[in-house]
Amino acid sequence: MTFREHIKMERRALKELWHHHRTYVIYMCLFFVFQAAYPYIPTYFSAEIINNLYDGAPISTIITNVALAVGLTFLCHGIVRFVQPRLSIAHNNTFKTEDWLYSKKAMEMEYSSIESSDIALLRSRVRQESHFGFNLWQLLKTVRNNVSNITRIVCSLALSISFFISSGVPLFGKLGLVGLLIITIVVDVLCTAKSQKISNRFWDECSTINMMSDKYEELVNNYGYSMDTRLYSMENGILSRIKEIDTTENKKGLKRSFQWMIVNFPKVIVADILKFGAYILLIWCSIKGAMSVGDITKYVVCIVGLIEAVSQVVRNTQISFLNHTYLERYFSYFDIPNNMYQGSLTVEKRMDNEYYVEFRNVSFKYPNTDTYALKNVNVKFKIGEKLAVVGMNGSGKTTFIKLLCRLYDPTEGEILLNGVNIKKYDYDEYMQIFSVVFQDFKLFAFTLGQNVACAPTYDAKKVEECLKNAGFEDRYKSLPDGAETYLYKRFDKSGIEISGGEAQKIALARALYKDSPFIILDEPTSALDPVSEYEIYSSFNTITGEKTAIYISHRLASCRFCDNILVFHNGEIIEEGKHDTLVSNENSKYYELWSAQAKYYVEDNIDE
Ligand code: ADP
């Protein structure tokens, strides 16, 4: 980094600090100014009082000095005590703000970034560095230390200036002190640079280890995994892996502490020599009668304080420069752009719902992969059509839906909505025209109504209607609090557990509640019992109404109701048409899939 870049980085980080943690910064400055200044009050007044007594000053002067010492100490102490609890609350809030910032960033990121392992590693590393006190946290520490040390320097200089200008103190003594101070600073700078290098290497090595450790901890603590870990006796394997990771990290930590100690040793020695030199000089001056008894104690405190504070300011400045590497990484995470948000066109709100979608020569590779998940897909479908997407596992069906919903943008080609590239539309508005139930949908541990509406408040009547259409009516009637019933027990101990099939019905109700012109269902009945499946399919046309319905299904019998069927194979649409046409061609893939399934049902029947 060049010097200009360092300055730019520092300015940006300070702005960020001020923007997000303003209250904390204000209380912190107040607290550390008064905390650093207040020991100087007794130092100054005790020297004055000793001098008063020594010089035989009038009692009124002594009493005034005592009163001032007590009064000012009391005032300073009062301010520190007043600020302390507020500072502590503001300090706790900084952690919450930090968590909130990370959550906000994750929510605003485009889907492909969330999936990217590089970004996951970066996020984990930056969070760990925050956790261990780098990036903005180091900057906070630097600001705090500098506020404190600059206050100490100002107070020490104010109280010891008479020492530096006094003709009683020999010039060689003063120059010697300054020379020793410069040597101390140089040694300090060199040692800090070396020890920071050791630290950086340590954190580089530990970032992957820590991420692995977090992942293993998640396996142990996440209730979703507990059934499999128990049934397959995985506990010992996982626990010993965690131990292994911890041991590796501890060994590295121990090695770093040892290296750190060796590297910093010269710094400690030189600093002690400097303090020793200052004491010798002061003792020599007092023997020679160059200063009063009261002044000696004052100068001892102030000069030692000055030496320490100057060294610490230099060290802090150096550490803050070294911290810029961490800040650069911190900002690189928060600066990850969301390319999905480029479009600004409004999605035309058509009362007639006349939308049509076209895939034109669309090909797609997942980020960081070399193979095409979709190859040269060309398809056009209109509102009101019922479209089925079929094909073997891994043939590209879900990817096709993800592209349509703009979770990813095509690598080549374009997708058009009413003739306009979907990238040009406002992203949030475009999202509004799709109701999707993915195979791996997630329900939240909120109330049933909130799960259906995907919002904190909802229209209870509409929720009930959608649940009924999704086949959840009987179960709904049995719920103690209706739509207000909590799912799972994370937020409410009376929350209910639901089966996979029931969860699928709730997810379907969620899609119906959104009431978008497109309804997309990825294996909508895979977890349903045969009766529920039959009910859903028989009322499918009523459920979807005039909407365009796209659904991925392995149950080819259900495709018979569709206007068009797309057959995917190795990322390409190899066949397209109605059920009767496709099945009549015995060389088609569709026929192969259909016969395989039909055979299975026939054999099943024979067995019976
Ligand atoms: P289908 O829905 O037909 O089972 P998918 O569309 O899920 O198939 O997958 C198509 C291909 O893309 C598969 O080879 C799959 O391994 C790959 N794929 C799916 N998701 C990802 C992903 N997030 N990253 C990389 N490859 C993926």
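## Helix α12 and the exposure of S332

S332 counts as partly exposed, at 34% relative accessibility, where buried means under 20% relative accessible area, exposed over 50%, and partly exposed in between, with a 1.4 Å probe and protein chains only. S332 has its place in helix α12, helices being DSSP runs (H or I, at least four residues; strands are E, at least two) numbered from the N terminus. From S332 to E575 the C-alpha to C-alpha distance is 45 Å, across 243 residues of sequence.

This is a predicted model, in which local features need pLDDT of at least 70 and side-chain atom pairs count only at pLDDT 80 or more, while totals for chains, interfaces and linings use all residues. Residues are numbered from 1 along each chain as its sequence is written, and side-chain values use heavy atoms, with hydrogens and water left out.

## Aromatic pairs

A search of the whole structure returns 25 aromatic pairs, a pair being two rings of Phe, Tyr or Trp (its six-membered ring) whose centres lie within 6.5 Å, with planes under 30 degrees apart counted as stacked, over 60 as edge-to-face and the rest as tilted. One of them joins F134 and Y326, which are stacked at 4.2 Å centre to centre with 10° between the planes. Because F134 lies in the loop between α6 (117–131) and α7 (135–165) and Y326 in helix α12 (residues 324–334), this pair ties together parts that are 192 residues apart in sequence. F134 is buried, with a relative accessible area of 10%, and Y326 is buried too, at 2% relative accessibility.

Y330 and F331 have ring centres 5.4 Å apart and planes at 75°, so this pair is edge-to-face. Y330 is buried at 1% relative accessibility, and F331 is buried with a relative accessible area of 2%. Ring pairs also link Y330 and F331 with Y102, Y333 and F334 into a cluster. F331 is 9.5 Å from R12, C-alpha to C-alpha, although 319 residues separate R12 and F331 in sequence. R12 is found in helix α1 (residues 3–20) and counts as partly exposed, at 35% relative accessibility.

## Packing of α6 and α12

Two packed helices are described by the angle between their axes and the distance between the axes. For α6 and α12 the angle is about 130° and the axes are 10 Å apart, where axes are lines fitted to C-alpha atoms, for helices over the stretch in contact, and angles run from 0 to 180 degrees between N-to-C directions. The two helices α6 and α12 are therefore oblique to each other; angles under 35 degrees count as roughly parallel, over 145 as roughly antiparallel, 65 to 115 as roughly perpendicular and the rest as oblique. The crossing of α6 and α12 is left-handed, a term that applies if the near helix is turned anticlockwise from the far one by less than a right angle, with right-handed used if clockwise.

## Charges over rings

The charged end of R256 sits over the ring of F202, at 4.6 Å from the ring centre, the criterion being that NZ of Lys or CZ of Arg is within 6 Å of the ring centre and within 35 degrees of the ring normal. K365 lies over the face of Y372, 4.8 Å from the centre of the ring.

## Backbone with positive phi

Most residues other than glycine have a negative phi. N135, which is not a glycine, has a positive phi of about 45°; N135 lies in helix α7 and is buried, with a relative accessible area of 0%. S233, also not a glycine, has a positive phi of about 45°, and is found in the loop between α9 (226–231) and α10 (235–287), where S233 counts as exposed at 55% relative accessibility.

## Domains and separations across the chain

The domain assignment gives domain 1 (355–433 + 516–578) and domain 2 (444–511), with bounds that come from an automatic or database domain assignment. The centres of domain 1 and domain 2, taken over C-alpha atoms, are separated by 26 Å.

S60, in helix α4 (residues 59–108), is partly exposed with a relative accessible area of 45%. Between S60 and E465, which are 405 residues apart in sequence, the C-alpha to C-alpha distance is 89 Å.
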